[in-house]
Amino acid sequence: MTNPKTEDLPWAQWLNPRRRRPSQTSPALFHTEARAEIERDYDRVLFSSPVRRMADKTQVFPLDHSDSVRTRLTHSHEVANLARSVGIDLVFNHGLAAHVPAALREVPALLATIGLAHDLGNPPFGHQGEEAIARWFHRHRSTVLDDGTTLTEGMKQDFLAFEGNAQTLRLLTKLQLINDDFGLNLTVATLAALIKYPAPSDAVDRTQVTRKKYGFFQSERALVEEVWAQCNLKAGVRHPLTWILEACDDIAYSVLDAEDAVKKGLLSFSDIIAFLRHAAGDDPIVAQVCEAAQLEHRRYRHENLSPGELNDISMQTFRIRAIGALMQAVADTFLRQLPAIADGSFNQELIEASPAHALLNALKACNWVHVYRHQSVLKVELTGFEVIHGLMDAFWYAITDRADPGDPASARNTPLSSYLYRLISENYRRVFEAVDNPMPIRYREAQLLTDMISGMTDSFAVRSWTQIQAAGFPAQVHRTQN
């Protein structure tokens with residue numbers, strides 16, 4: 001049935017299928033195009049190389065050799081699946097955007113696309129990679145960002161508080177080149193919904209959910225304002241479907257990181273149940289989920305299963321129960337809060353505003369105590385820090401050691417800097433060297449550095465650092481300078 005509170009909302013603009021560069025008008029070569037424009041966005045993202053690279057990017061356990069635990073790729077597919085499922089429920093069972101017939105196909109497709117794409121900009125080694133990049137800039141702020149530069153405070157904050165969310169938008173609109181400077185040329189609806197934090201780095205406000213981080217770099221600011229204008233959005237106001245993406249991302253990592261931790265033997269099914277019951281007290285949803293999972297667990301104990309198998313199958317049951325409860329809460333809360341979401345007055349995460357908030361919060365607390373701070377995870381994260389800082393030192397030397405400081409494409413001064421510069425991806429260098437790039441030279445240099453580091457996978461980063469050290473960095477640089 002139609003929800004009367006949402007009938008007059010501008011879904012036609014929120015689902016605007018226009019592309020920044022109009023698609024070619026020539027007919028398809030081998031078939032009649034049956035996909036909607038927003039459905040085509042999913043396919044463009046799916047077949048792009050950054051998606052494949054996520055298979056070797058950390059979700060929780062860096063450089064893990066197990067085929068069972070999740071990577072950024074499997075996590076992103078799971079988020080896409082959850083988000084699409086919420087979209088199907090909303091348009092078919094609740095009449096969301098019933099006055100826009102295309103929404104039946106476009107809402108689920110858009111949610112699946114942003115679920116698949118939401119982590120593409122994350123650097124190697126997970127969120128620790130973001131922190132490592134930001135710390136490098138803090139460590140070198142005086143020489144890299146301050147002295148003798150014309151950078152605005154917003155430009156500096158793009159690097160001092162580096163954000164994988166902003167890198168995702170840049171990757172899809174600038175760096176993933178096909179045959180022009182529009183990246184994958186996704187629809188404006190998809191681009192708008194990808195912006196989790198609709199604010200630049202100089203307008204962060206931690207009291208506001210939509211501004212607690214930033215969602216785009218200064219280099220993409222004009223692009224974002226263009227997208228907002230076409231989707232009836234503005235600074236600080238998210239695309240409505242972005243709230244669902246955020247909730248599904250939280251559900252996926254909170255529930256499934258716990259499942260992976262059990263798979264790795266960091267804790268057991270019974271440990272998780274005990275933690276949740278203690279942390280959430282007598283919360284009814286937590287009790288229902290735990291009781292249902294424990295009932296199945298007791299039944300499985302009578303079968304001829306090893307302890308590992310019992311833990312695995314019990315966690316699968318728990319995962320199904322927990323995700324089911326949380327997903328229902330997302331859909332119900334979204335519908336209830338949609339008017340406030342539309343006018344920009346809603347200032348809570350969907351799950352936090354739902355009856356299932358205690359379940360999610362207890363899962364996050366369990367993961368923090370028993371998973372994210374586990375010694376094995378921290379040890380490899382330390383390796384990631386060292387690798388990223390070493391790579392940034394080497395590539396910064398290569399980017400800046402050139403004959404003409406005013407010409408990014410000019411020859412490098414030494415064989416080593418020339419060799420290192422050529423290790424940087426060609427499409428990233430092309431964007432950096434472009435004569436029509438409007439950003440200051442120093443900003444472009446720093447951004448080329450973050451583009452390269454963010455595009456690396458975990459194992460490629462480790463191999464590259466080993467290769468660079470073998471080539472004589474940093475010892476050769478010290479000898480040359482002396």
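Modeller: Helices here are DSSP runs of H or I with at least four residues, numbered from the N terminus. This is a predicted model, where local features need pLDDT of at least 70 and side-chain atom pairs 80 or more, while totals for chains, interfaces and linings use all residues. Residues are numbered from 1 along each chain, and side-chain values use heavy atoms, without hydrogens or water.

Biologist: Good to know! What is the relation between α4 and α15?

Modeller: Helix α4 covers residues 72–93 and helix α15 covers residues 307–343. Their axes, lines fitted to C-alpha atoms over the stretch in contact, come within 10 Å and cross at roughly 50 degrees. Angles run from 0 to 180 degrees between N-to-C directions; under 35 is roughly parallel, over 145 roughly antiparallel, 65 to 115 roughly perpendicular and the rest oblique. The relation of α4 to α15 is therefore oblique.

Biologist: And which residues of α15 make that contact?

Modeller: Contact means heavy atoms within 4.5 Å. From the α4 side come L82, S85, V86, D89 and L90. Facing them in α15 are I323, M327, V330, A331, F334 and L335.

Biologist: Which residues of α18 meet α17?

Modeller: On the α17 side you will find A394, F395, Y397, A398 and I399. Their partners in α18 are L416, S417, L420, Y421 and L423.

Biologist: What about α6 and α20, how do they run relative to each other?

Modeller: These two helices pack with their axes 11 Å apart and at an angle of about 155 degrees. The relation of α6 to α20 is therefore roughly antiparallel.

Biologist: Which residues of α20 touch α6, and what is the handedness of the crossing?

Modeller: I133, W136 and F137 of α6 make the contact with A446, L449, T450, I453 and S454 of α20. As for the handedness, the crossing of α6 and α20 is right-handed.

Biologist: While we are on α20, is E445 buried or exposed?

Modeller: E445 sits in helix α20, residues 441–455. Setting aside residues up to four places away in sequence, E445 touches W396, I399, T400, R402 and F432. Buried means under 20% relative accessible area, exposed over 50%, and partly exposed in between (1.4 Å probe, protein chains only). At 4% relative accessibility, E445 is buried.

Biologist: How many residues of helix α8 are buried, and which helices do they pack against?

Modeller: Helix α8 takes in residues 153–160, and because six of its eight residues are buried, the rest of the structure largely encloses it. The six are G154, M155, K156, D158, F159 and L160. They pack against α6 (126–139), α7 (141–146) and α20.

Biologist: Then how far from C366 is the nearest cysteine sulfur?

Modeller: C366 takes part in no disulfide. The nearest cysteine sulfur belongs to C290, at a distance of 10 Å.

Biologist: What are the relative accessible areas of C231 and C366?

Modeller: Both cysteines count as buried. C231 has a relative accessible area of 0%, and for C366 the value is 1%.

Biologist: Let's turn to the loops. Is K234 buried or exposed?

Modeller: K234 lies in the loop between α11 (221–231) and α12 (240–263). Leaving aside neighbours within four places in sequence, K234 is in contact with P198 and W228. Because its relative accessibility is 54%, K234 counts as exposed.

Biologist: How far in space is K234 from G344?

Modeller: Along the sequence, K234 and G344 are 110 residues apart. From C-alpha to C-alpha, the separation is 9.4 Å.

Biologist: And T210, buried or exposed?

Modeller: T210 is placed in the loop between α10 (188–194) and α11. Not counting residues up to four places away in sequence, T210 touches Y197, P198, G236, R238 and W243. With a relative accessible area of 7%, T210 is buried.

Biologist: Last one: how far is T210 from F460?

Modeller: T210 and F460 are 250 residues apart along the chain. Between their C-alpha atoms, the separation is 34 Å.

Terms used: Disulfide = S-S within 2.5 Å. Left-handed = near helix turned anticlockwise from the far one by under 90°.
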